[in-house]
Amino acid sequence: MSEAIVTTSTNKPTSPTAGPPLWLLAELTYECPLHCPYCSNPVQMTARENECDTETWLNVLTQGREMGAVQLGFSGGEPLLRKDLEVLVKHASDLGFYTNLITSGIGLTEKRIKALKEAGLDHIQLSFQAANADANDLIGNKRHSFSQKLHIAKLIKQYDYPMVLNFCLTAQNIDAIDEVLELSQALKGDFVELATVQYYGWAHLNRDHLLPSKDQLERAESKVNVWREQHNSAGPKFIFVTPDYYETRPKACMNGWGSTFLTVTPDGSALPCHSAKILPLTFPNVKEKSLQEIWHDDFSFNKFRGLDWLPKPCQDCDEKEKDFGGCRCQAYMLTGDMHNTDPVCDKSPHHHLLADIINDKNPSKQPLFYRDPKTEIPIAVLDSITT
Ligand code: FES
C-alpha cells in the first residue's frame, strides 16, 4: 500500500496520492430471480425505484475510465434484469474496459448472449447453487434453474466467452464436491471458483446453518487436490477458497480499503467494498458527487486508507503491508468496532470469537432465511439441504 495519509487540522483524512480505482464493480440491481440463503447482498436492500438510470450509469463508467479504471464487473442481484445491460456493456467496451458479467444465468437467452457479445462483453461468470438439479433448485428456490444453467453454460462456450463457474459451498452442499468437479469438467469451465461462503449479508444472517465443519472443509479440499493431481493441470483450473473463519491470518480485503476497488450500488452509493453499507459511516452517492471527488476526498474512502489508522497489534506487525489489518466489515460484524483488527488474525485479542463460532455444537435456534428482497421475512426453515 503506497498511499500517504495526511490528517488535516479538521481531522479529515485526505489521500493526495491514492492511485486509480482499477476495479469498478457496478451493482446494477438487487433484484434477483433466485433467493440463495448465502447471498452477500445487504439484508436491507434498497427499493428498485431508487436504482440509477441508464444515463447515471453511463456517466459513472465514463468517469471511472477517465480515472484509470480498467476492469468492470456488472453484478447485482441479477444484472440481466436491467434491460439496458447491452447499452452499458457497449459503452464500457467503447471506453476500453475489460468487462465481466457476474450472473446466475437465469434470464439469459441465445439472443441476448449474442447481443452482449456484439456489444463487446469480454467474460462471463456463471454461478451454480449445486451440481445436481434437486439441490441446485432448492438452494436457489427456483424450479428448473439447474437445467437453464446447463443450457447457458453451453451457450457461453458456443459464443466463445472465457467462462468462470462459481459454486458457493456451504455445509449443505460441500460433501458433494466430486459432483462439482465432474460437472465443471463436463461444462469445460476455464476457471472454477469453489467458494466456501464468506459471511456477509444474508450469509452472515444464516451463518450458523451454512458454516461447514473443519472436517467437511478438509475432506473437500483434499478431494480437489487429488483431482488436480490426477488431471495433471488439464481441464478447468479450480480455485478453492477457505472461509476466513478457519484462517489465522486475515485476507487483504479489497487489496486494502480505497486502494483498488470501487463499488457502486444500485441506488448510486459509492463504497470501498460491497458490504461497507453496514458500517457506521456515511457514504457518498454518484448522483451527487463526481467519482473523482468520492475516491480522493470523501471521508469514508480515506478513513481506512493506508496504514496510519491501524490499531494495535497491527501497527507493530511485520505483516501489516500484506493484509492491512484485514476486513473492516468483518471486524465490525464480529467485534462491534470497525477499527479493530480483523479477528481472523490470531494476534487479535478477539480471535477467540471465531473459535467460539466454529466450535459451537449447539444447533441454531434461528430459522434459515432465503434471501427475499421484497418481504425480508423467513420463507423457509430448511436446515438439511443434503445432496
Ligand atoms: Fe468490507 Fe472487507 S468486505 S472491508
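Here's a quick briefing on the fold and a handful of local spots worth a look.

This is a predicted model. The protein has 14 helices and eleven strands, and its C-alpha atoms fill a box of roughly 60 × 50 × 45 Å along the principal axes. With 387 residues, a compact globule would come out near 21 Å in radius of gyration, and the protein's 21 Å agrees with that.

**Overall packing**

- Out of 387 residues, 46% count as buried.
- Take the contacts with a separation of 6 or more: 71% of them are between residues 24 or more positions apart.

**Helices H2 and H3**

- Two packed helices are described by the angle between their axes and the distance between the axes.
- For H2 (residues 85-95) and H3 (residues 110-119), the angle is about 25 degrees and the axes are 8 Å apart.
- Angles under 35 degrees count as roughly parallel, so H2 is roughly parallel to H3.
- The crossing of H2 and H3 is right-handed.
- On the H2 side, the contact is made by Glu86, Val89, Lys90 and Ser93, while H3 puts in Ala115, Leu116 and Ala119.
- By type, the residues of this H2–H3 contact split into four nonpolar, one polar and two charged.
- As a reminder, an α-helix has 3.6 residues a turn, so residues three or four places apart point the same way.

**Helix H4, mostly under cover**

- H4 (residues 133-140) is mostly covered, with six of its eight residues buried.
- The buried ones are Ala135, Asn136, Asp137, Leu138, Ile139 and Gly140.
- Strand E6 (123-128) and helix H5 are included in what covers those buried H4 residues.
- Just after H4 comes asparagine 141, with a positive phi of about 60 degrees.

- Most residues other than glycine have a negative phi, and most peptide bonds are trans. The residues below are worth checking against that background.
- Glycine 76 and glycine 77 are joined by a cis peptide bond, with omega at about 10 degrees. Look for glycine 77 in the loop between strand E4 (71-75) and H2.
- Another cis peptide bond links lysine 312 to proline 313, with omega at about 5 degrees. Proline 313 is in the loop between helix H11 (299-302) and helix H12 (320-323).
- Aspartate 160 isn't a glycine, yet its phi is positive, near 65 degrees. It lies in the loop between helix H5 (145-158) and strand E7 (163-169). Aspartate 160 counts as exposed because it has 8 C-beta neighbours inside 10 Å.
- Phenylalanine 324 isn't a glycine either, and has a positive phi of about 55 degrees. You'll find phenylalanine 324 in the loop between H12 and helix H13 (328-335). With 27 C-beta neighbours inside 10 Å, phenylalanine 324 counts as buried.

- Proline 212 is in the loop between helix H8 (207-210) and helix H9 (214-231). It has 23 C-beta neighbours inside 10 Å, so it counts as buried.
- Setting aside neighbours within four places in sequence, proline 212 is in contact with Thr170, Ala171, Ile174, Thr196 and Leu217.
- From proline 212 to leucine 150 is 62 residues in sequence and 26 Å in space, C-alpha to C-alpha.
- Cysteine 39 is in the loop between strand E3 (23-27) and helix H1 (54-67). Cysteine 39 is buried because 26 other C-beta atoms lie within 10 Å.
- Not counting residues up to four places away in sequence, cysteine 39 touches Gly201, Trp202, Ala203 and Arg371.
- Cysteine 39 and glutamate 27 are twelve residues apart in sequence, and their C-alpha atoms are 14 Å apart in space.

Definitions and conventions: Residues numbered from 1 in each chain as written. Predicted model: local features only at pLDDT ≥ 70, side-chain atom pairs only at ≥ 80, totals over all residues. Helix = DSSP H or I, 4+ residues; strand = E, 2+ residues; numbered from the N terminus. Rg over C-alpha atoms; globule rule 2.2 N^0.38 Å. Buried ≥ 20, exposed ≤ 12 C-beta atoms within 10 Å, placed from the backbone. Contact = placed C-beta atoms within 7 Å. Axes fitted to C-alpha atoms, helices over the stretch in contact; angles between N-to-C directions. Parallel < 35°, antiparallel > 145°, perpendicular 65-115°, else oblique. Left-handed = near helix turned anticlockwise from the far one by under 90°. Nonpolar A, V, L, I, M, F, W, Y, C, P; charged D, E, K, R; others polar.
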